[in-house]
Amino acid sequence: MNTLLRNAWLIPAIPVLSFVLIIFFGKRLPKKGSEIGVAALGISLVLSIATAVAWISRHPVGEGHEKFRHAVDHNLFTWFSMGGTDVRFGIHVDGLTVTMLFVVTLVSFLVHVFSTEYMKGDRRYTHFFAALSLFTSGMLILVTAATTLQMILGWEIMGLCSFMLIGHWWEEQANSDAALKAFFTTRTGDIGLLVGVSVLFFAADRTFNAAKINELALDGHMSHWALLMGATALFVAVIGKSAQFPLHTWLPDAMAGPTPVSALIHAATMVVAGVYLVARMYGVFWSAFSIGAEGHAGVNPIAIIGGITILIAAALAFVQADIKKVLAYSTVSQLGYMIMGLGVGAWTGAVFHIFTHAFFKAGLFLGAGSVSHSGSHHSFDMKKDMGGLKKHMPITYWTFVVCSVALAGLPILAGFWSKDEILLGAGSNGYTAFLVVGLIGAAMTAAYMTRCVYLTFHGEARGNAAEHHPHESPPAITGPLVVLASLAAVSGLLNAPGFELFGKLNLNEVFAHAGIPEHHFSLLYAGGSTLIALLGITAGFLWYFRQLGPHGITERSRLLRAGYVFLDQKYFLDVLYTDYIIGGIKGPIPRAVYWFNQNVLDGVVNGVGVGARAVANFVYDVIDQKIVDGAVNGAGFSAEEGGSVLRVIQNGRVQSYAAVMFGVAAVSALALALIVSR
Amino acid sequence: MNGFDHWALTAAVFLPLVGAVLVGLVPKTDETLQKAIALVTSLVVLADGAYLLARFDYGNSSALQFEVNRHWIDAINSRYHIGIDGISLPLLLLSMFITVLCVIYSWDHFPEPHNPKAFLMLMLVLEVGMNGTFAAQDLILFFVFFELVLLPMYFMIGVWGGANRQYASIKFFLFTLFGSALMILGFLALYFKGGQTFDIPTLINQGGAIAHATQLWIFAGLFMGFAIKVPMFPFHTWLPDAHTEAPTVGSVILAAILLKLGTYGFIRIAIPILPEAAKSWAPWIGGLAVIGIIYGALACLAQKDLKRLIAFSSVAHMGFVMLGIATLTSYGINAAVFGMVAHGLITGMLFFLAGSIQERFHTREISRLGGLLVQAPQLGWILGFCAMASLGLPGLAGFWGEFPAILSSYQPAAGLSEPLFRFYMVVASVGTVFAAGYLLWMYQRTAFGVPKEEFEHSHIHDVHGPEWIAWAPLLALIVVLGVYPHLLFHVTDGAVNTVTAAFKAVGN
């Protein structure tokens, strides 16, 4: 069994190989390379399951709260060594790793299958599959990384691939703009990654090994200042990658990419990478922000950012007409739950939410893809081109509803269990304010998903849905939907009371010692959050299905109108970023710098040149020509006719330049010589 | 050590000269023979380089190898002393390698006014200067080679260059010559203050014997010579003009090798011989380096000309190299050497691409281009690959020049201000975002979208034979070094530790 764990590097290596094969040979194959991608992910999925089994069957050591399994930290080779520091390339396998491996390979496999149908006939079909494989491998490299440096590698590979895939249809500027926006925003966050990894490297006495860094952070051997700097810097990277407020703006735009890419980005890779990083380096965050310390203030930056994100994104989901944008803001909001969960000390809950969210969110995105593929004729506009699709697309409808309810958090579906654990953590660990935030968010989630289901599938058919003969999608599309909906229905039970497999899976060596608390199912919280979710659904049902309530009030009340515009304009953050910040960096500032370069710096250089020529002409005309004898006259400057090869040397310009440049150099040199020879 | 070992390095330096003479003897009309001789010469030199690579003792990379130490100019006690260690070996190889690729690339398209004979001769003479600089272990010898590269490059720009070539070539020549004048003065001062010798290892061994105040001034002289060559802000203004006007191959050699002569000078001469002065100067060098990173990036964003943009990106990238050097740590200087090689490969490649784009569209104006991926997909993909490599994507070579430099600034050598260098670290990290900005905006405007109206119907041929042959090795190396940096770091590390030994002794 250990052989399996030690060879987990194969799981990311296979998609890398698949990428190379598709790039070089894909176009010549009968299915244009998609068969390689599907096969590769299939193998990786099987290996991931085998690895998970191997992990679970590993004997735990210790007792009670201290019970854990030894993680497998396996060095593969020396990546490089310098200045006496040996940097190894290795893998780290523990419960968190196997959880992520399973989620990533499963979702990616289903997305590959889905894409064989969805992307059929695309002009860059082969390239699309190559990028999907590489994208997946980036996430797999991240989750198997033993060192923070390898994490940077996986992290940035995902950045590259999201750029390629969001901009897949780069003929249109809107798409390439979205791709650039995603890359720049996450890259801005990555300043924090580079700095944070550097700080922690030195703080942990020159090692990139993540487990070692966590251990040192938890046992108090690191300076608190360095920890705080390192954790803050890393968290900046997390904000960028996991689309947290205020760097969340790239994610809704990333919808410009093909829908399967959205599913992959939102469910299993990319945005989850940030949450994963916090979970992986939790020792650092736990100590730096004193998350579990006695008498903590009930507030810390991680929880605050997560909490804000939950609410602002959920609010935006209400005003979207594009089904994918509703789901995108929903993802932002759910990522907020995960981050907040980590901020309030609910580690298992947050990781569990990554796990369950992956299934229902991938299901929702692929469902939206199915709708556009077969129901709304490539449109994603719910208000214009959808409605009444329930009867035409029953499989898509029911899977979408199951995933929506799972997202809303009704028992016994997946989202219920994981969200509940986060709320429970917030309540039990003394983060009461964030419990309230979480509950409000839960009601909002339930309501906006009700709206989304209504607009897409119920009511009158509009636009394309009415005109283009909607029908159910073929099996390559509905198959993945059914699998994901089933998982959305049951995967939450993995950590249900009496079963709690997930908690056992994640018994973690480092955290077992740190006393990071585990909370057990509480009927009070479960009942409360169910009630809140039902409230949200009911409100949504009454408002949208029954058309009750003051509809059109945003037209009548000026205050509410302003509120609507504020939401519609996405809090004006895009205006701030695009027009002011990016506009400045792109336009006036570089122009000013370049003006300075051409006129000031180069002005000095040219001024020296011109001055030199003036002096040279003076020397030549006055001193040389008039004072010195005519015989000597011009001898050294007679190259004026120039040579055919050396035609640059004309007018004695070089000579006069050279003469005075040397003069200047000689004077400086003399000064230097005098000083030196003191 | 077998018999050829004594000759291998000398051959590496002077074989190109033999080739240049042979090319010179061929009648002007027989272009194929000229090209063949140039190619064979550069290949033989590269083979010699491969021999050096194979025989190099990597376990002892800090020691000078293939050393030759003979009488030369006895009157001033200057000797023909050459040898290579782990720092010079990669750069020497890079120089040989790039020369071969440049000969191949030029094969079918010599720039106007054509004349391959003169062009190839200049290229080979350039190689003598570059190889010699990386092998020299005597200050006068170093100076001769260092200056030797000026003339061929001056003619390359001045004769085969673009519209504004006169201005650019003179500016290049005089600007660098100005620095050299101060540099040679520094060398002379070293000679008189350092025991009447020009021998670099000897001078290093007695390092610190020179009074601190004197060291500072000598370092200033050397700094001017090297910093102009790098080029560091604010001495960089010759670079964009030279690059913009130079023919493609000239730009490639300039970016890939010539700029490295400056940074190499710091690592080989200025810092180890004058460690105390280096320490006093390091905060200033680091400051100029990070200004260069941001300044170069911002200037890039203002560019309308593809080549000029890449030229300014060199200012930014060399800023990372200089920041690494300024930390005076093993990490930093290793990063610097890696960054030099990576920049040589990547920016060299970018200049090749700019040249090929210009050849096809007869313009380098970014706003007139667009939809390159539609018309010449391979060219477009390679450009995208190089842009990603240049912005420091991990897994490609550029990353290993940038990240360790950032890492090392967190903890510079003992005695340097930590808060200051940590500030530099953050500024340099911000520079990586700007790099993504100018490269990807450039890429979006040239490669994405659809072709502009004026080129809509023109036939643009994709990457052709000689281009593939010249580029494939570069692209492969960018990936190989990026995936497995150990290949390069294990060569440089030992030698770098010798350079930084002086700074560790002070109490690190």
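I will walk through a predicted model, starting with chain B as a whole and then turning to some local features in both chains.

Chain B carries 20 helices and two strands, and its C-alpha trace spans about 70 × 55 × 40 Å along the principal axes. A compact globule of 508 residues would have a radius of gyration near 23 Å, and the 22 Å of chain B agrees with that. Of those 508 residues, 66% count as buried, and among contacts between residues at least 6 apart in sequence, 80% join residues at least 24 apart.

Moving to chain A, please look at helix 4, residues 95-118, and helix 5, residues 125-144, which pack with their axes 9 Å apart at an angle of about 175°. Angles over 145 degrees count as roughly antiparallel, and therefore helix 4 and helix 5 of chain A are described that way. The residues of this contact divide into nine nonpolar, six polar and no charged.

Next come the loops, and here I begin with the one between helix 9 and helix 10 of chain A, where A:Ala243 lies. Phi of A:Ala243 is near 55°, a positive value in a residue other than glycine, and this residue is buried, with 31 other C-beta atoms within 10 Å. That loop also holds A:Pro246, which is joined to A:Phe245 by a cis peptide bond with omega of about 5°.

In chain B, the peptide bond from B:Phe233 to B:Pro234 is cis, with omega near 0°, and B:Pro234 sits in the loop between helix 9 and helix 10 of chain B.

Finally, B:His362, in the loop between helix 14 and helix 15 of chain B, has a positive phi near 55°, and with 10 C-beta neighbours inside 10 Å it counts as exposed.

Technical notes
Residues numbered from 1 in each chain as written. Chains lettered and ligands numbered in written order. Predicted model: local features only at pLDDT ≥ 70, side-chain atom pairs only at ≥ 80, totals over all residues. Helix = DSSP H or I, 4+ residues; strand = E, 2+ residues; numbered from the N terminus. Rg over C-alpha atoms; globule rule 2.2 N^0.38 Å. Buried ≥ 20, exposed ≤ 12 C-beta atoms within 10 Å, placed from the backbone. Contact = placed C-beta atoms within 7 Å. Axes fitted to C-alpha atoms, helices over the stretch in contact; angles between N-to-C directions. Parallel < 35°, antiparallel > 145°, perpendicular 65-115°, else oblique. Nonpolar A, V, L, I, M, F, W, Y, C, P; charged D, E, K, R; others polar.
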